[in-house]
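Me: I am new to this structure and would like to know what stands behind the words used for it. Please set each value against its cut-off.

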Amino acid sequence: MTIDQFKFAGKKAIVRVDFNVPLDENGKITDDTRIRGALPTLKKILADGGSLIIMSHMGKPKGKVNAKYSLSQIVDAVSAHLGVPVQFAPDCAKAGEAAAALKPGEVLLLENLRFYPEEEGKPVGIEKEDPAYEDAKKAMKASQKEFAKTLASYADCYVNDAFGTAHRKHASTAVIADYFDADHKMLGYLMEKEVQAVDNVLSNIKRPFTAIMGGSKVSTKIGIIENLMDKVDNLILCGGMTYTFAKAQGGKIGMSICEDDKLDLALDIIAKAKAKGVNLVLGTDCVAADAFSNDANTQICPANDVPEGWEGLDAGPETRKAFADAIKGAKTILWNGPAGVFEFDNFTAGSRAIAEAIAEATANGAFSLIGGGDSVACINKFGMADKVSYISTGGGALLEAIEGKILPGIAAIKGE
């Protein structure tokens, strides 16, 4: 069933969204991208005369109630976006009466799903090494089903629009779908768009294809790097992992971030790229600083010859040019992870060079997909969100989809 085929009039829809938005110390939302992303789905259901039960997680409360992660903090923002007053259920597993009382056009937001350990389905307060862990895990799986069944009982149909958690097999993203038949569960518009964007990058590759992988660690990106090797023409590896590669090849990196246990892996990646004829672009120079601070003293130096007591915090001018050259002529572009410590204004030049080259390529007809929290934050910081083809809301989910993994949140609805 698709969201456009379903008749929502007079029906209650329970919708899993990803409202895991960043809050400042006063509980104010600092970036509402994820809320805006879900609006087409939510507004469609209300406009059709349905009533709406919205559920989400926030943060990692680890199965315990924690006011810092309460969704009560976003009720006003969600009300403002939807243009209707949103009711709040302070306990997501005890919202039956509130749900039953909903009239068409009314909205109920459930408290953070992860206040219950059943949402993630992991036993709490017991280590994996404990002999009783397996039993605890079985017991938790059983109560996870009950928890999902309770959530399902609030509504007539289920809509999953939370791409950001589609790679997790949680109660609200996958298990709940077992309690609805194929005609009463569907993907929301955001999920449909995300799935389509991944498809554009993977199935419908227009060449040349340039992927840019950034971030501090090569270890967290290894699966995706290996998967991309078979697909891309140019692979840019940037950010903190630059120095793991530099050190692996015998370079001096001063105090720069480095995964010393991944030096062989870095050499392996270089060899694989060569064997597969992929143009691997690594930083040759960097902006080094004498402290991890925006106000630190800086110097430009080779990425494989950083002086003692200094650390590389951004791509240098030569590297920026090399990155731009590998991006500008591309017809398919994937960007995940910044080229430097972009949170510090003085170390944004590398990421900005990437963003500008992507914007130029997109203007010349490339399909550009930006995913992962930091790359999205970069594009927003530079005010360039409208200059790329698609911004993905799901970091981990996007990467797993591109790795070719089946996402449980999608499989649960499509019955794959």
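Reply: Start with one cut-off: a residue is called buried when its relative accessible area is under 20%, exposed when that area is over 50%, and partly exposed in between. The model is a predicted one. In helix α8, the residues M241, T242, Y243, T244, F245, A246 and A248 fall in the buried class.

Me: What makes α8 a mostly covered helix?

Reply: The helix runs over residues 241-248, and seven of its eight residues are buried. Just after α8, G250 has a positive phi of about 90°.

Me: Why is K221 called buried?

Reply: Its relative accessible area is 11%. The limit for buried is under 20%, so K221, at 11%, is buried. K221 sits in the loop between β7 (209-213) and α7 (222-229). Not counting residues up to four places away in sequence, it touches M213, G214, M241, N336, G337 and L399.

Me: How do you know that the side chain of K221 has a polar contact with the backbone oxygen of G214?

Reply: A polar atom of the K221 side chain lies 2.9 Å from that oxygen. A polar contact needs a pair of N or O atoms within 3.5 Å, and 2.9 Å meets that limit, so the pair counts. In UniProt, an unreviewed entry lists K221 under "binding site", together with G312, E343, G372, G373, D374 and S375.

Me: Which other residues does UniProt place under "binding site"?

Reply: The annotation, again from an unreviewed entry, also covers D18, F19, N20, R34, H57, M58, G59, K60, R114 and R168.

Me: Why is N20 called partly exposed?

Reply: N20 has a relative accessibility of 23%. N20 lies in the loop between β1 (12-16) and α1. Residues up to four places away in sequence aside, N20 touches R34, S56, H57, M58 and G59.

Me: Which class does R34 belong to, and how do you know that?

Reply: R34 has a relative accessible area of 26%. That value lies between the cut-offs of 20% and 50%, so R34 is partly exposed. R34 is part of helix α1. Neighbours within four places in sequence aside, its contacts are D18, F19, N20, V21 and T393. The side chains of R34 and D18 make a polar contact at 3.5 Å.

Me: Why is K62 called exposed?

Reply: Its relative accessibility is 58%. Exposed means over 50%, so K62 is exposed. K62 is located in the loop between β2 (51-55) and α2 (75-82).

Me: What makes the phi of K62 worth a remark?

Reply: K62 has a positive phi of about 55° although it is not a glycine. Most residues other than glycine have a negative phi.

Me: What kind of peptide bond joins R207 and P208?

Reply: The bond is cis, with omega about 0°. Most peptide bonds are trans. P208 lies in the loop between α6 and β7.

Me: Why is T332 called buried?

Reply: The relative accessibility of T332 is 1%. As 1% is under 20%, T332 is buried. T332 belongs to strand β15 (residues 332-336), and its side chain reaches the backbone oxygen of K206 at 2.7 Å. Beyond four places in sequence, T332 touches residues including V201, P208, F209 and A366.

Me: Is L71 buried or exposed, and how do you know that?

Reply: At 0% relative accessibility, which is under 20%, L71 is buried. L71 is found in the loop between β2 and α2. Leaving aside neighbours within four places in sequence, L71 is in contact with residues including F19, S56, H57, M58 and F88.

Me: What lines the second largest pocket?

Reply: The lining has 15 residues, and T33, G37, K193, I391 and T393 lie nearest the centre. The elements that give two or more residues are α1 (33-47), α6 (189-202), α12 (373-381) and β17 (390-391). Helix α1 gives the most, with four residues. By class, the lining has seven nonpolar, five polar and three charged residues. The space in this pocket is about 300 Å³.

Note on methods. Residues numbered from 1 in each chain as written. Predicted model: local features only at pLDDT ≥ 70, side-chain atom pairs only at ≥ 80, totals over all residues. Heavy atoms only, no water. UniProt positions renumbered as here; feature names shortened; annotations may be inferred. Buried < 20%, exposed > 50% of the residue type's maximum accessible area, 1.4 Å probe, protein only. Contact = heavy atoms within 4.5 Å. Polar contact = N/O pair within 3.5 Å; in protein donor to acceptor, adjacent residues only side chain to side chain. 1 Å grid on protein atoms, 1.4 Å probe; cavity = no way out; pocket = protein on both sides within 12 Å on 5 of 7 lines; lining within 4 Å. Points joined across faces, edges and corners; volume = space filled by probe spheres on them. Nonpolar A, V, L, I, M, F, W, Y, C, P; charged D, E, K, R; others polar.
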